Amino acid sequence: MQEVLQNPSFWVGVSFFIFLAIAFKPAKKAILGALDSKIAEIKDQVEEAARLRDEAQALLAEYERKQQQASKHAEEMVDAARKEAEESKARAEADLNASLDRQRKMALERISMAEEKALREVRAAAAEMAIAATEKLVAERVAGADGDKLVDRAIEELGTKLH
C-alpha cells in the first residue's frame, strides 16, 4: 500500500476527486438552479399554451355559436320572405278575382242594359207599327160623318183619360 501512496498518479486521481467534490457543490447549485429556471420557463410556456388553447377553444365556440345564429337568422329571413311572397300571391289572386268579378258584373249589367234598350226599341217599333196599322185601318173604315163623330168623342174622352 505504500507504493500506492507514493505513486503520483494516485495523488492526481485523489486530488481530482477532491476537486470534483469541492467543485460539485457550487456547480450543483448552479446546474440545479439553471434546470429549475428552465423547468419554470417550460412550465410557464406550457401554462401559456394551455391558456391560449382555452382562449382559442372559447373563440371557436363563440364563432360556431355566431355561425349557428347567422344560419338561423338567414333561415328565418328566407321563411319570412317566402311567407310574404305567399301572402302577396294570395292578395294578388284575391285582387284579380275581385277585378274579374267586377268586370263580369259590369259586363252583365251592360248586357242587361243592352237587352232592356233593345226591348224598348222593339216595343217602340212595334207600337209605331201598331199605330200606323191602326191609323190605316181606322182611315179605311171610318170615313165621313161617322168618323168625325168618333174622333170628336175620342178627343173628349182623351181629356178625362189623361188626368
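Residues count as buried under 20% relative accessible area, exposed over 50% and partly exposed in between, with a 1.4 Å probe and protein chains only. By this scale W11 is partly exposed, at 46% relative accessibility. The model is predicted, so local features need pLDDT of at least 70 and side-chain atom pairs pLDDT 80 or more, while totals for chains, interfaces and linings use all residues. Residues are numbered from 1 along each chain as its sequence is written, and side-chain values use heavy atoms, without hydrogens and water.

W11 belongs to a nonpolar surface patch with V4, L5 and F10. The patch covers about 360 Å². Its residues have over 30% relative accessible area and no salt bridge, and nonpolar side chains are joined within 5 Å. Helices α1 (2–6) and α2 (8–141) each give two or more residues to it; a helix here is a DSSP run (H or I) of at least four residues. L5 lies in α1 and is partly exposed, at 41%. F10 is partly exposed too, at 31%.

Two aromatic pairs were counted; ring centres must lie within 6.5 Å, and planes under 30 degrees apart are stacked, over 60 edge-to-face and the rest tilted. The rings of F10 and W11 have centres 5.3 Å apart and planes at 70 degrees, so this pair is edge-to-face.

A patch of negative charge gathers D146, D148, D152 and E156 on the surface. Like charges are joined within 9 Å. D146 sits in helix α3 (residues 145–162). D146 is exposed, with a relative accessible area of 57%.

Methods: Accessible areas come from the Shrake-Rupley method with a 1.4 Å probe; for residues, only the protein chains shown count as cover. A salt bridge is a side-chain nitrogen of Lys or Arg within 4 Å of a carboxyl oxygen of Asp or Glu. Lys and Arg count as positive and Asp and Glu as negative; His and the chain ends are not counted. The place of a charge is taken as NZ of Lys, CZ of Arg, CG of Asp or CD of Glu. Rings of Phe, Tyr and Trp (its six-membered ring) pair if their centres lie within 6.5 Å; planes under 30 degrees apart count as stacked, over 60 as edge-to-face and the rest as tilted.
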